[in-house]
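This report describes confidence, helix packing and aromatic pairing in one model. Please look through the sequence and the structure before reading on.

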Amino acid sequence: MTRPGAAAHRPAAIAAAVAAVVGLTALVIAAVAGGAVTEKVIPGLGDAGTLTRWGLPVARLALDTGAALTVGALLMASVLIPSDKGGLDPVAVRYVRAASWLAAGWATAAAITLILTVSDILGEPVGQVVGGSELSSYVGQLPQGTALMLVVLISVVIALLTRTTATPGAALALLVLAVIALLPPPLTGHSAASPNHSVAVVGLALHLAAVVPWIGGLAVLGWHALTGGERLGIAAERFSRLALWCYIAVGISGFANAVTRLPDPTELITSDYGRLILVKTAAFAFLGWLGWMHRTRTLPAVAARRPRAFARLASVEAAVMAGTMGVAVALARTAPPVTGSPESAVKGLLGYDLPPAITVGRLLTLWRFDLFFVVLVLVLGGAYLAGVLRLRRRGDSWSYGRVAAWFIGLLTIVIVTMSGVATYSPVLFSVHMAQHMVLAMLTPIFLVLGAPVTLALRALKPAAIKGDRGPREWLMVFLHSRVVKVLGHPIVATVIFVASTYVLYFSPLFEMAMRAHLGHIAMLTHFLLAGGLFYWVLIGVDPAPHKVPYIGKLLVLFVTMPFHAFFGVALMNMNDLANNWYTSLHRPWGASLASDLHTGGSIAWAFGEIPTFIVLLAIVFQWFMDEQRLSVRLDRKADRAVANKEDDELSDYNAYLSSLDRRSQRAGE
């Protein structure tokens, strides 16, 4: 006899099997067409063997599938299924527990991929790699090995923690951790070695962060529909909105990656790598059409209680996505076309040729496209404008001064991360220090005065379902979290703002950050966040966990700024900082490293006066306005007290007259 649950899960199992077959078939065809598994074995050179040649792409496909399904299950539990009075819905708990097994499979596939990758690089069969010492050496010395080991460790942590996770916040944190675990392996592959690796690295990171939740979320949602899952309508509607943004991000990032690897458009046809990109592009366009069908047909069908309509189309879409993943894995194993001229050592470090001697005109004209900060500025600016427009449509007001402050802050980001300042900042320490000072000490002032959190709290609508967590509820949870309470303490914020600068520049961290584009982005992002945290405590309009009196704010300001002056003086007295990095650029023009360090120290020493003056004005103005508001409140309170006193006296007088009237009436009787 067939169990009832088995009958319900049979269509889902069939759909999963079909998707797996399609993915493997696409992988085989693309790997053969692209030459990834048909490399000619040269006599005298090591050969990893047939097992590695075919097993590595299959293991990589299993790794990507495990990652996507893990992310999809956690996305389903923390975002798509409504919360139950602040806790996980019972259905969401089941998906969290399923994520534990999926993460275990992800870790296993990553471990197998690590072994096969070592075999492939060394040209030795798997048996020799497992039995020798090459595996441990590879993990410790090469970035690809370290990246795969990180995936194994993080996925094991996710597998363990999801066994006991019971809150939406914990599930969302594990989802973020899973997305982070996607990034290390791809970012140590073709992207890091492409001609314009700054765009390639960021483009690939954005591509993965968008495509994996899209694929994994659809697969898990399709399973949910085929098994007759609860609250399918709500989950499908939420996923549809998320999938649209993922689709846009995948398109933009995919185009950026293609341009960096194929600068000549004719290589789309003449090279194996280009032809595989065309296949992925066709699949991407077809997936866009399927998504449009979801929004226009299947979502109304789900609302009409016909979940099978969604399940059928989702199964087709999942199969197409599986095939696309197979092509993507084969593409990762296919070498991009070789450029006509060999890349210089400097271009390999910077991602572009060494610029000419610095001038004011070149600082203003030598602009460079930085995908990370372009996306950051567009997202921050677009979200802020959307919030303001929502308030306006609702009839609420929002200060034009705050709007101006916010966009001035975004403009400063654009100037120092994409103009000639960004072009020369890796080459000259003095230009880098000017970039640092703006991002850490000037930009955050304007962003904080823009009051983005207050705008979000006013513009975002509460969750439609009672007990659920929408964007507004998640923001409130974050603001009241223990992490924010600790980081928002004036002492902690000040220590982070000051001490992190000393730690960065007076340790090997600075040179490490300069050598890796992701490290460089992390460093600049840290400047923004540390400065934003500090100025939020001092002049923030948004709600903060600790109320600091204005005298205390002035004290913090005047105590902190001398540390930056001391930092500038220390730099001025140094002769060597990241010497290996700057000498490797072989700059034939400009001042010596010691002289440039002195200039950078002078900039750090003198620049602090500008933000100090702006913050001082902001504190005094806010103090004055608070005193004005307090005075108005006290006047109103006094007026009410006088009015109440007069009312009491009038009531007493009327009562006295009433008593006299009653006495006269009794005397007349």
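## Confidence of the model

The pLDDT is the predictor's confidence in each residue, from 0 to 100. Helices are DSSP runs (H or I, at least four residues), numbered from the N terminus. Residues are numbered from 1 along each chain as its sequence is written. The model is predicted: local features need pLDDT of at least 70, side-chain atom pairs count only at pLDDT 80 or more, and totals for chains, interfaces and linings use all residues, while side-chain values use heavy atoms, leaving out hydrogens and water.

The chain has a mean pLDDT of 80, with 80% of its residues at 70 or more. Confidence is highest in helix α18 (residues 400–418), at a mean of 94, and lowest in helix α9 (residues 190–193), at 50. Over residues 1–8 the pLDDT is below 50, and this stretch has four contacts (heavy atoms within 4.5 Å) in the model beyond near neighbours in sequence.

## Helices α20 and α26

Helix α20 (residues 429–449) packs against α26 at about 40°, with the axes 8 Å apart. Axes are lines fitted to C-alpha atoms, for helices over the stretch in contact, and angles run from 0 to 180 degrees between N-to-C directions. The angle makes α20 oblique to α26; angles under 35 degrees count as roughly parallel, over 145 as roughly antiparallel, 65 to 115 as roughly perpendicular and the rest as oblique.

Residues in this contact include His432, Leu439 and Val448 of α20 and Phe527, Tyr535 and Trp536 of α26. By class, the contact of α20 with α26 has 14 nonpolar, seven polar and no charged residues. Here Ala, Val, Leu, Ile, Met, Phe, Trp, Tyr, Cys and Pro count as nonpolar, Asp, Glu, Lys and Arg as charged, and the others, Gly among them, as polar.

## Helices α26 and α27

Helix α26 (residues 517–539) also packs with helix α27 (residues 550–572), at an angle of about 145° and with axes 9 Å apart. Phe534, Tyr535, Val537 and Leu538 of α26 meet Lys553, Val556, Leu557, Thr560 and Met561 of α27. This contact of α26 with α27 comprises seven nonpolar, one polar and one charged residues.

## Aromatic pairs

The structure holds 18 aromatic pairs (rings of Phe, Tyr and Trp, the last by its six-membered ring, with centres within 6.5 Å; planes under 30 degrees apart count as stacked, over 60 as edge-to-face and the rest as tilted). One of them is the stacked pair of Phe286 and Trp289, with 5.9 Å between centres and 20° between planes. Both residues lie in helix α13 (residues 272–303), three residues apart, about one turn of the helix.

Methods: Helix = DSSP H or I, 4+ residues; strand = E, 2+ residues; numbered from the N terminus.
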